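These exercises go with the sequence and structure shown below. Try each task before reading its solution.

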Amino acid sequence: MTKKSLLLAAALLAAGAGTSAQAETLKFAFQGALNALDPYSLNETFTLSSLGNTYEGLTRRGADLSIEPALAESWEVLEPTRWRFHLRKGVKFHNGSDFTAEDVAFSVDRVRSEGSDLTTRVPADAKVEVVDDYTVDFVLASPNPILHYEWDTFYIMDKEWTTENDAVKVTSASDTTPNYAALHANGTGPFKISSHEAGVKTVYEKNDGWWDEAKHNLDTVEFTPIGSDATRVAALLSGELDMVYPIPVQDIKRINDNAGTVALTGPELRTIFLGMDQMRDELLYSDVKGKNPMKDARVRKAFYQAIDIEAIKKKVMRDLSTPSAIMISPFLFSKAGEFERYPYDTEAAKALLAEAGYPDGFSIGMDCPNDRYVNDEAICQAVAAMLARINVKVDLNAQPKAKYFAKILASGGYDTSFYLLGWTPGSLDSWNVLSNLMNCRDESGAGSPFNNGGFCDEKIDSLTKEILVENDPEKRDGMIAEAFKISHDNAYYIPLHQQGLAWGVADNVDLVQRADNQFKFRFVTKN
Amino acid sequence: MIGFAARRLLQAMIVMLVVALLAFTMFRFVGDPINQMVGIETSLEEREALRERLGLNDPIPVQFLRFITQAAQFDFGTSYQFRQPVSELFAKRIPATLELSFASALFALVVGIPMGIYAGLNRESAISKLFLSVSLIGISLPTFFIGILLIFLFSVTLQWLPSFGRGEVVQVGSWWTTGFLTLSGLKALILPSITLGLYQMTLIMRLIRAEMLEVIRTDYIKFARARGLPDRLVNFRHALKNTLVPVITITGLQLGAIIAFATITETVFQWPGMGLMFLQAVQNVDIPIMSAYLLLTAFLFVAINFIVDILYFFIDPRLRVGRP
Amino acid sequence: MPYVSNEEAKAAVQDRAGIPPAPSRLARIVDSDMFHSFLRSKVTVVAACGTLILFLLAFLAPWVAPHNPFDLASISILDARVPPVWMEYSDPRFLLGTDDQGRDILSAIFYGMRISLIVGFCSVAAAATIGITLGLVAGYMGGRVDAVIMRIADVQLTFPAILIALLIDGVAAGIFGSIDREVFAFYILIVSLALSFWVQYARTVRGSTMVEKNKEYVQAARVIGIPSVTIMARHILPNVMGPVMVIATINLALAIVTEATLSFLGVGMPPTQPSLGTLIAIGNDFLYSGEWWIAIFPGLALALLVLNVNLLGDWLRDALNPKLR
């Protein structure tokens with residue numbers, strides 16, 4: 001086909017499709033589905049990101065992730081255990097009812113109720129006091145400088161609407177009739193949901209009565225879930241969609257070379273790392289019997305130094321990753337620059353192994369997800385090949401995330417010897433990393449539930465407790481650095497990299513790619 | 001007749017019961033549904049409480065009994081992912097799958113029958129051999145690969161046809177949606193129908209060819225020819241008519257297979273049908289959807305089998321003496 | 001057409017095996033006859049040679065492949081995605097280029113073909129064993145035994161291979177907590193393919209057995225007190241082997257394609273022991289990025305292999321069908 005006739009065909013298609021081009025419609029696809037519309041039923045990035053276009057929290061995060069006032073105009077810490085929030089006046093929900101302090105109190109109760117998946121958004125022992133229609137106090141049991149860090153995804157619901165529609169109880173899977181709030185949405189945000197068919201299509205419409213000045217120029221947004229990577233990319237390349245995410249790193253070049261589309265890339269906050277079983281006296285999956293080689297820091301360091309992170313960056317991630325020496329993104333921790341990775345050195349790694357008593361290596365089973373992180377399985381395969389060079393034979397078990405998580409997390413009894421995991425602290429703060437990944441735990445997971453390797457360092461535990469209640473930022477960061485240093489010195493984890501974000505966007509669309517991988521329509525303009 | 005039908009009906013019901021038991025026991029062990037329903041940060045106590053509420057801690061026979069009594073009333077529970085009744089979800093997805101299946105069956109018949117007739121009548125011709133070889137390629141490449149190659153060629157490179165979805169659909173009646181009435185809907189049907197129908201087309205073509213080869217060698221046709229009837233008349237009036245009986249039977253039966261195998265095509269083309277929903281359910285360990293899908297396909301097969309058996313009873317008198 | 005062949009046709013079609021075997025009237029096929037028809041068809045001769053070459057390449061992979069893609073210590077991620085030798089930036093070590101992990105595509109195809117063929121042969125053997133046994137028993141015994149076996153077959157038909165594989169995968173994960181794909185994937189494939197293929201053998205064999213058992217020589221054998229097992233094995237079995245061979249050949253091709261589809265769905269062979277299907281599934285991710293060789297070469301190899309086997313099956317079916325001679 002000649003270029004001319006190709007252009008002609010494209011023009012014909014455009015003419016057929018574009019007759020009603022007055023109203024701006026954004027069509028986009030994501031790899032997963034938007035299931036329930038209840039903002040408290042699933043603590044998952046995409047769901048919360050989508051609902052954040054319809055619902056709003058007391059705070060929100062801007063393009064650079066800084067915390068901004070949203071439904072609360074301002075707030076002050078009256079005393080370390082009492083926070084006062086001044087609410088925005090004149091805000092209306094999509095159904096026309098007014099937003100008041102009662103709605104906040106109601107939402108706090110509901111988010112902490114049975115069936116909610118976001119119960120940790122507000123501490124269980126915190127109390128809410130309604131001062132007047134537009135003032136709310138949160139009374140805490142202990143000081144908490146990061147109380148509101150995750151409130152950009154704690155959405156406020158309308159008390160009247162929820163009560164009238166008999167949806168006070170959060171929809172749980174055991175209900176045989178769906179809760180009204182799971183199928184309908186009524187927020188204060190810039191977009192209303194005009195139709196929603198879970199797993200097929202969701203249509204949003206502009207909310208003309210939004211309290212903030214609209215910077216977007218969209219009238220309608222259509223969302224379609226497309227699970228297959230190839231199909232998703234094809235739909236962007238063929239011009240059927242304006243935006244798709246995520247896109248596989250290997251297709252970035254193709255999308256950039258294609259006329260009319262561009263790949264937006266940027267760092268994501270998620271840190272990808274390797275963990276090792278350091279709790280059991282004998283590894284579940286290994287030919288070493290009677291002892292656990294991973295309890296030896298020299299073996300862990302040998303693994304660390306055997307990994308050529310630059311090769312992974314270049315070949316697997318196509319430069320779309322930032323090798324990391326610590327377990328949190330450098331964007332979220334001021335002292336990240338003080339850390340440096342152990343150098344890649346196969347000889348040093350072999351020497352360490354020999355010193356630890358394994359000159360001929362050993363075998364170990366590795367668990368890996370294959371549909372969760374960017375090129376997760378390929379990273380694991382590359383790691384397996386690299387460890388083969390120091391005579392460690394890796395038996396790789398890569399599985400879909402549902403089965404993977406069921407195996408390696410607390411619910412599966414931490415059934416793993418060596419695994420790859422990614423972590424984004426929801427509060428965008430280091431304390432979350434320490435308390436979830438680095439404290440001691442028991443067999444059932446009490447303590448740090450996601451410390452799958454189960455290592456236990458009392459010093460990190462005590463630092464974590466102090467960090468939580470420390471209000472002085474400089475002192476706090478110092479203690480965080482100390483805890484991370486202990487982890488680094490002992491190689492409790494092998495951090496790999498922060499993966500990159502990659503979104504595919506049509507040239508005529510302007511948008512903001514936030515590092516938390518949330519897609520907000522309010523930043524979008526389409527020409 | 002009544003005795004025969006009753007016996008077959010009883011057998012069909014036993015089959016369904018066995019399938020239900022299989023569906024229940026197997027799916028009871030696939031992954032952990034709790035992990036799917038909650039986020040990664042949900043505590044162990046909350047998980048346990050949810051497990052209790054869902055009845056996942058009840059004794060297995062109790063769970064099974066609950067399962068079949070509800071299934072018999074088309075109540076398959078609530079989907080873990082969507083938090084909506086499974087029967088409603090299926091009602092919404094069924095039109096998409098049936099329309100795709102119908103279009104691909106149509107494609108298979110319209111292309112397969114003429115090719116089969118030609119190849120049967122001209123056994124040694126080069127074109128017949130070409131048909132046979134080309135059709136073999138259709139069954140030599142996996143469906144998903146064919147679909148992806150078609151998308152690459154017709155959507156990405158030529159930009160002629162859409163790569164995903166049903167296009168614009170029109171609501172017909174209270175719950176049926178159709179893509180047959182809009183241009184974009186029809187365009188969206190082309191690639192998935194070819195992908196799904198290619199296999200059946202090959203099958204039908206080869207079946208017709210084989211039947212033709214046999215029929216034109218029978219005394220009956222030889223006799224017709226000997227009587228001096230024109231070739232065209234013999235071929236189409238007598239030979240084809242005889243050929244079509246098994247073909248029609250088999251096409252009917254194939255409809256069930258098409259629906260079952262639409263899963264892969266639907267995955268590649270993001271076709272919002274029940275096959276896609278089933279595969280997503282498998283990945284997300286959504287047990288209610290999986291068991292409902294299994295029971296529905298089983299029901300379809302068993303029902304078609306039953307009807308065909310009853311039809312044979314009328315067609316083939318020998319059967320009336322009873323099954324061997 | 002007798003009642004039996006309707007059953008057969010249903011079985012064949014529902015199994016999606018493709019081409020239903022013609023009803024066997026059977027079939028005193030003299031070897032020379034077959035050999036004659038074989039030589040007459042040039043296509044068949046070519047297909048047979050092609051199949052032979054591909055089989056040899058596959059089973060001699062450790063000796064003929066330039067690299068060993070299973071030896072993790074010998075592959076380097078730095079060699080990843082090298083194009084075929086006739087393109088720019090290629091590497092003479094890798095004739096058809098490398099995949100995303102730096103494995104030589106040509107070697108991976110040889111080894112992958114071996115795995116695909118092993119999966120194919122094992123599953124066909126298993127399916128044929130189960131199917132022939134149950135078919136013989138059902139056809140010979142008749143009555144209640146027959147009804148039970150055929151109802152089991154009905155249940156089986158409601159589960160396509162893909163569904164069975166997903167089920168077994170899940171069940172195994174449920175029973176063993178979680179499964180090591182490297183160890184179990186192979187067995188899961190064999191079991192699920194065998195479970196979905198056996199019905200076809202059973203129905204065909206049952207049909208033929210029902211015809212045979214009423215023949216005088218079998219009646220006579222029974223009268224003189226020869227045990228049933230002996231009658232089945234010595235007298236009936238040889239007579240039904242023709243159609244079984246046809247089904248087996250076609251099933252081999254089908255098994256290879258089905259395994260590829262299962263790999264696409266994530267329940268096939270793991271990427272550390274790739275079959276042809278796994279290689280295609282991996283390569284799919286690189287089609288748009290210009291690294292087409294990762295998917296296309298294994299795809300071609302698969303198509304060639306299956307095409308050749310199917311052509312042989314075709315010829316076998318026609319050659320064994322007495323009505324066509």
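**Exercise 1.** At which residues of chain C does UniProt place the feature "transmembrane region"?

*Solution.* The model is predicted: local features need pLDDT of at least 70, side-chain atom pairs count only at pLDDT 80 or more, and totals for chains, interfaces and linings use all residues. Residues are numbered from 1 along each chain as its sequence is written, while chains are lettered from A and ligands numbered from 1 in the order in which they are written. The unreviewed UniProt entry gives residues 43-65, 115-137, 157-177, 183-201, 244-267 and 292-316 of chain C; positions follow the numbering used here, feature names are shortened, and annotations may be inferred rather than shown by experiment.

**Exercise 2.** Describe residues 115-137 and 292-316 of chain C.

*Solution.* Helices are DSSP runs of H or I with at least four residues, strands are runs of E with at least two, and both are numbered from the N terminus. Residues 115-137 are 100% helix and 0% strand, with end C-alpha atoms 33 Å apart. For residues 292-316, the values are 96% helix, 0% strand and 36 Å.

**Exercise 3.** Characterise the contact between chain A and chain C.

*Solution.* Count residues as in contact if their C-beta atoms, placed from the backbone, lie within 7 Å. On this basis, 30 residues of chain A meet 25 residues of chain C. Next, find the main contributor on the chain A side: helix 11 gives the most, with seven residues.

**Exercise 4.** Locate the domains of chain A.

*Solution.* An automatic or database assignment sets the bounds: domain 1 is 22-242 + 508-526 and domain 2 is 267-500. Their centres, taken over C-alpha atoms, are 33 Å apart. The contact takes 10 residues from domain 1 and 11 residues from domain 2 of chain A.

How values were computed: Contact = placed C-beta atoms within 7 Å.
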